[in-house]
Amino acid sequence: MSDYILEIKNLYKEYTSKNITVKAVTDISFNIKKGETVGIVGESGCGKTTLGRCIVRGIPATSGQVLYTAEDGVTYDFLNIDKKKLKELRKDIQMIFQDPYSSLDPRMTVLNIITEPLKANFPKMKKSEMELRAAEIAEKVGLNPSYLKRYPHAFSGGQRQRIGIARALIINPRIIVCDEPVSALDVSIQAQVINLLKDLQRELGLTYIFISHDLSVVEHISDKVGVMYLGKMVEFAETEALFSKPLHPYTEALLSSVPVADPTVKMNRIPLKGEIPNPANPPSGCYFHERCSYCVDKCTKVAPEYREIEKDRFVACHRAEELKLKGFTYDEPKAI
Amino acid sequence: MVLQNVMDRNKRKEEEYYLASQWTLMRRKFKKHKLAMASLWVLGFLYFVALFGNFIAPYNLVAYNSKIVNAPPTKIHMFHEGKYIGPFVYGIKMERDPVSKRKMYIENKDEIYKIKWFTHGSEYKLFGLIKTDIHLFGVEQGGVVLLMGADSMGRDLFSRMILGSQVSLTVPFAGAIISFVLGIIIGGIAGYFGGAIDSVISRIIEVLSALPTIPLWMALSASIPPDIPVVRVYLYITIIVSFISWTGLARIVRGKFISMRKEDYIMAARIAGVSTWKIIIKHMVPGFMSYLIVSLTLGIPGMIIGETSMSFLGLGIRSPATSWGVLLQEAQEITSIAMHPWKLIPLFAVIITVLAFNFIGDGLRDAADPYK
Amino acid sequence: MDRKESIVQVNNLHINIKMDEGILTAVRGVTFHIDRGETLGLVGESGCGKSLTCKAILAINDPKCSTSGEILFNSDDGVVDILRLPPKGSEIRNIRGKQISMIFQEPMVCFSPLYTIGNQINECTRLHITKDKKKSREISIEMMKKVGIANAEKRYDQYPHEFSGGMLQRALIAMALVCNPKLLIADEPTTALDVTIQAQILELIKELQKELKMSVLFVTHDLGTVARMCDRVAVMYLGKIVETGPVEEIYLSPKHPYTIGLIGSVHKIGSKRKERLYSIEGTVPLALNLPAGCGFYDRCQCRIDGVCNVKEPEPVEVGPNHVVSCHAVGQKTGEEGHDIE
């Protein structure tokens, strides 16, 4: 019986077309405990969205394993199970999408959108039962059940996102991959949806993989955070540890670039030279070496190993032990 | 109080908008397109007349009278020598013009033939089922009523127009249905499976589209054996004509499949465990249906002109069946048109029908994707 | 103009859009000013009317919008009211791009794919500075260097698709600033960019502002960016400005319930995690057939029945340069803001 509900092992995803191979996801491994929220952050081209879609089997991964421990205690490799088992286990791992406008079929009523997973997985369920369940879920996510007969065009972005959440929840999943679920929403609506996600997690014992580029949101909602750069995981740690004492230069630069919503705080941005490289043509050695202020000769030749430097703390940097990188100092009340 | 009414009315309008499905939204937008709505009425009228054609036409396809060859349209009078006696026609006498020696038809005021409603005429089957011989109107024995003149065999053009419309208006429709089915199946296969299958099908479509249509029709039509029943000829013509449009439709379906495959809601359905077949039927088909209907409607004029052209060239419908194209064969020579201009009337019928379909297609296209 | 140092003074701006369902009162009486050399942040969520307000300053709104009020601009030829200038005339064209410039959210769509970047930046130079081909090219390349585009001579002849998002935004800034305008309107310029690139661009704007002694109207919904960039902040909701003040006042002692709610909705990075974020209930209503009274009434925690749903609140000064439009605040003279823990 595994400690973890989900273990991602050496996940790869490559796209090949016309002799160009783009390595979207390279050798990603991390573990999640039941009820945890793992945040995945990174900038464009880092592969976080591709990672999320591979985990739920929305797109086929090139290689790797996703070891899922089901409710019966048995561990299956979600990416390599037979069709019958897949049909059974698929309900346990669901996804919420980023764009509230393209994630709902505009030609179906909201009721049909929400009950579609029920129809696919419980074909013998009666129509009235399905409607009842849909109304229950709608209320849970803060939608008025009397609006279920409407079409998506009747709803705002935040409400559509709630519909997407309802659709993911209706078959009682245990793990939900949230792909930038609040990025397309206004600030005040973001807060509503984030609070909703946290409430649901507490109530239903859900496990989240929260993919986002917004570091403030990730810091707020995650227990652990993984930082990705050009398809590779460069650092993985508990949230507060990562934000206060980053071990990878990219993490340090990323954290220092986020504008703090407090005009009295002085920002000390660590400048990053250059731009994000082309994923089809990554640099040699460490992918980050061209932009890193701490780069030494070894970094240009040898790719660093992703290793466990402390308990539950991973980093891929040759100089992780020696560098003293800056993070955020959290206000600690002074002891009397 | 007034504000309350206004707010309630706004709320109701809002509610209607929220509950409106794609088709309802399309319908509302379509109604705003005045030309399209008018065309809908025009086509409705034409199809209605075609449906009741045998009843409305005073003569049938085979009736002819050599005494009235190339006669001009008969004038319908109401008053004879000042007295009102209801609609009637005078007798027709053929004379030769003393100077040009041309045949002329003049009214013989001595003979009066009354026009009656619901007369008995030639026998026919209404809707192909009910045997009857009642016609909408007819003339007393001995008279002829030629609303649009006669052709070179003395046949009433008006009756032949109406009976011809039965072919000219239905062949494109039947052709459209065949195109529709072919387009969806072939385009769907290409779009869904992609890869090699898609390449092969796309190349076939390209080759077929590149073939010049008139030689293609001529070849196909020449291959129809000469002595098969009329109905079968009709069927073959329909199939030939549908060849024109299925390629365009297949392309559209294929394109839509490819673009829809990437939509998030398709991925969401797959992740939820919905089967491939269900995804196609429930998500993809409704997605491209509106585009398909638009394309089809805009393709019908091509089929009408196709059938008309083939029949005009003598390759299509054969007698005794007739279509507007066949009728236009008599309008080939300039002298014929100069002396008997009524023979051009079928041309206007074709133009009006084609325009009507085009306007409707425009209206549908503007209404097509209410979510854009 | 009220103040001598003001560059722009917007007085009682109203913008209405005629729609099938009625009249959309998008902007309902907006008044603010921007001083020389200062950065004013215009903060609001979707539907508050901030984009329309910005476009009105340049008179580039869709003709469907009917605009009223005053927009006074301290131009080279004295104070003009932009709304009174003929919309296609030479006066306004002399202002656009030369005295007031604008940069937008998606640099990708701001450039034509058919012409080189240099050509498009140069269009501005040739229009307003000099028609001499050689000289204008030099000036444009100088500007490209100033905004941090490496290899400017080479990149001058490249096409937009050869530039990354961050580079395109720099090019857009070059195009906007090449004529040294008095006012730069930045409409969400970094929302579509990555965090590290965003930081670079924001720093660039700040540097150039200091160097060119320019005013900036910074429009955004991102509270982090506002805190870093702006001297003063105006908060907009449903077509009205509900609170204006120096940036520290707005963040550390916000007074309007909407501002308080907005600031509470965002987790400040590097601070202790709260259990829940403060969230304003409900959603922004459509500005169609709005009822009387304060626009924020149905979502406000501090609403006073009989007052807030009847009368629009008037602006009240609650501190140095700090103005709030709220009945509840107006009544509590001298009290602190509300606690939302």
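Start where two chains meet: select chains A and B, and you'll find 25 residues of chain A in contact with 20 residues of chain B. Two residues are in contact here if their C-beta atoms, placed from the backbone, lie within 7 Å. On the chain A side, strand E6 (93-96) and helix H3 (110-121) each supply at least two of the touching residues. H3(A) gives the largest share, four residues. Color that side of chain A by class and you get nine nonpolar, six polar and ten charged residues. For those classes, Ala, Val, Leu, Ile, Met, Phe, Trp, Tyr, Cys and Pro count as nonpolar, Asp, Glu, Lys and Arg as charged, and the others, Gly among them, as polar.

Some ground rules before we move on. What you have open is a predicted model, in which local features need pLDDT of at least 70 and side-chain atom pairs count only at pLDDT 80 or more, while totals for chains, interfaces and linings use all residues. Residues are numbered from 1 along each chain as its sequence is written, and chains are lettered from A and ligands numbered from 1 in the order in which they are written. Helices (H or I, at least four residues) and strands (E, at least two) are DSSP runs, numbered from the N terminus. For the complex, the predictor gives an ipTM of 0.87 and a pTM of 0.81.

**Stop 1: helix H3 of chain A**

Select residues 110-121 of chain A, helix H3. Its buried residues are A:Val110, A:Ile113, A:Ile114, A:Thr115, A:Glu116, A:Pro117, A:Leu118 and A:Ala120. Buried means that 20 or more other C-beta atoms lie within 10 Å of the residue's own; 12 or fewer makes it exposed, and anything in between partly exposed. What do these buried residues of H3(A) pack against? Show helix H4 (127-140) and helix H5 (157-169) of chain A, plus helix H9 (264-271) of chain B, and you have the partners.

**Stop 2: strand E6 of chain A**

Now pick residues 93-96 of chain A, strand E6. Both of its faces are covered: A:Ile93 and A:Met95 are buried on one side, A:Gln94 and A:Ile96 on the other. Strands count as paired if DSSP finds at least two bridges between them. Look across from A:Met95 and you'll see its bridge partner in E7(A), A:Val177.

**Stop 3: the nonpolar core**

Click on A:Ala166, C:Ala174 and C:Leu217: of the 265 residues in the largest nonpolar core, these touch the most other members. Such a core is a set of buried Ala, Val, Leu, Ile, Met, Phe, Trp, Tyr and Cys residues joined through C-beta atoms within 7 Å. Zoom in on A:Ala166, which touches A:Ile114, A:Ile137, A:Ala138, A:Val141 and A:Leu143, leaving out residues up to four places away in sequence.

**Stop 4**

Switch to chain B, with 13 helices and four strands. Its radius of gyration is 27 Å, well over the 21 Å the globule rule gives for 372 residues, so chain B is more spread out than a compact globule. Its C-alpha trace spans about 85 × 70 × 40 Å along the principal axes, and 34% of the 372 residues are buried.

**Stop 4: chain C**

Bring in chain C, where 34 residues are in contact with 37 residues of chain A. Helices H8 (195-212), H9 (223-229), H10 (247-252) and H11 (257-265) of chain C each give two or more residues to that side, and H9(C) gives the most, with five.

Next, select strands E1 (residues 6-19) and E2 (residues 22-35) of chain C, an antiparallel pair joined by eleven bridges. A hairpin connects E1(C) to E2(C) through two residues, and C:Met19 stands opposite C:Gly22. E1(C) also pairs with strand E4 (residues 65-75) of chain C, antiparallel over eight bridges; there, find C:Asn16 opposite C:Ser66.

Finally, color chain C by pLDDT, the predictor's confidence in each residue, from 0 to 100. The mean is 88, and 96% of the residues in chain C reach 70 or more. Over residues 334-341 of chain C the pLDDT is below 50.

How values were computed. Rg over C-alpha atoms; globule rule 2.2 N^0.38 Å.
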